[in-house]
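Let's take a friendly walk through a protein chain and see how some of its parts meet. Have the sequence and the 3D view ready as you read.

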Amino acid sequence: MKVFIAGGTGFIGRRLSEFFLEKGYRVTVSGTRSTPWKSPSHGFQYIPADLTREGPWQSVLSDSTIVINLVGKSIFHRWSDSYKREILSSRILTTRNIVDAIQPKDQTTLISTSAIGYYGDRGDDLLNEEEHPGNDFLSEVALLWEEEAKKGEEKGVRVICPRFGVVFGETGGAVEKMVFPFKWFFGGPQGKGSQWLSWIHLDDLCLAMEFVIRNKSLRGPLNFCSPYPIQNKELSKLFGKILNRPSWIPTPGWVIRLAFGELGGTILSSQRCMPTRLLKEGYEFTYPDPEEAIRKSLRK
């Protein structure tokens with residue numbers, strides 16, 4: 001099968017492309033950099049392109065059986081009104097152009113990324129895919145993003161919207177950022193520490209991607225996260241234990257909000273998600289336990 005990975009040069013995209021190549025898929029990756037991070041090889045192609053604009057890349061995409069959309073401006077930047085518009089437009093315009101490029105046919109699967117930010121700040125509520133969206137900025141972004149992807153169904157395309165939890169992995173991602181204060185002996189809970197973090201190891205993300213591709217009955221939103229979310233204070237204890245560092249020095253919520261503005265509220269938000277639909281269909285997580293996943297992520 002042919003896989004097109006839109007925005008495939010980042011932390012998640014690189015591992016996904018390697019994963020599918022190892023599985024024998026033919027992989028085309030798009031990105032904004034002029035050259036690929038690896039040499040072209042049998043089964044691998046790289047296309048430099050700005051997917052917010054129409055272009056020749058669309059004809060290449062139209063020949064693919066599986067389209068995975070990872071494109072979106074990073075949210076980890078202080079949010080001005082103009083930057084918030086970029087966060088939204090980068091996702092909507094890219095998804096719209098991808099859907100336009102797909103040729104109407106029954107065999108195409110579009111996997112268009114979303115995020116657990118869809119649910120907003122929900123405290124201790126246990127969240128499955130049937131829950132309503134939140135009412136903050138990232139909830140609105142995720143909702144509009146998914147709605148744009150679902151327009152592919154009008155072409156007979158199977159559309160899946162994986163709502164990613166925070167992704168742990170060995171080559172970067174969230175763990176690399178989270179571990180920094182602990183290495184310098186000032187790690188600890190953020191805010192009250194009671195907020196829930198829903199997460200997934202990068203290996204499980206890749207395996208779950210192939211699982212949903214092969215399971216033709218799956219479509220719509222899917223929570224891509226471990227069945228064992230963890231509270232921020234417990235996560236801090238884990239980092240301290242694994243690194244043999246202090247884990248009790250808290251960062252007050254007001255400091256985070258002052259440093260990051262509106263994004264600070266998102267950093268302190270709580271999403272206690274369950275991968276209900278994946279579990280129902282029989283997916284078995286390789287790294288369901290947060291301690292094992294973190295230890296694996298720190299092995300490099």
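Which residues of α7 are buried? They are L202, D203, D204, L205, C206, A208, M209, E210, V212 and I213. Keep in mind that this is a predicted model.

**Helix α7**

Helix α7 covers residues 202-214, which makes 13 residues. From its first C-alpha to its last it reaches 19 Å, close to the 18 Å expected at 1.5 Å a residue. The helix is mostly covered, as 10 of its 13 residues are buried. One of these buried residues, E210, also takes part in a network of salt bridges with K23 and R214.

**Salt bridges**

Side chains of opposite charge can pair when their charged atoms come close. How many salt bridges does a search of the whole structure find? The search finds 16. Here are some of them, with the distance from N to O:

| Salt bridge | Distance (N to O) |
|---|---|
| R96 and E148 | 3.1 Å |
| K296 and E170 | 2.2 Å |
| E291 and K241 | 3.2 Å |

Let's take these pairs in turn. The side chains of R96 and E148 meet in a salt bridge. This pair links distant parts of the chain, with R96 in helix α3 (residues 81-101) and E148 in helix α4 (residues 137-150), 52 residues apart. Are the two partners buried or exposed? R96 is partly exposed, with a relative accessible area of 36%, whereas E148 counts as buried because its relative accessible area is 7%, and buried means under 20%.

Next come K296 and E170, whose side chains also meet in a salt bridge.

K241 counts as exposed because its relative accessibility is 52%, and the cut-off for exposed is over 50%.

**A nonpolar patch**

Now turn to the surface. Which residues form a nonpolar patch there? F180, W184 and F186 do, with about 380 Å² of accessible area together. Of these, F180 is found in helix α6 (residues 180-183). F180 is partly exposed, with a relative accessible area of 47%.

Technical notes:
Residues numbered from 1 in each chain as written. Predicted model: local features only at pLDDT ≥ 70, side-chain atom pairs only at ≥ 80, totals over all residues. Heavy atoms only, no water. Salt bridge = Lys/Arg side-chain N within 4 Å of Asp/Glu carboxyl O. Helix = DSSP H or I, 4+ residues; strand = E, 2+ residues; numbered from the N terminus. Buried < 20%, exposed > 50% of the residue type's maximum accessible area, 1.4 Å probe, protein only. Patch = residues over 30% accessible without salt bridge, like charges linked within 9 Å, V, L, I, M, F, W, Y side chains within 5 Å. Areas by Shrake-Rupley, 256 points an atom, 1.4 Å probe, with all protein chains shown as cover. Expected span 1.5 Å × (residues − 1).
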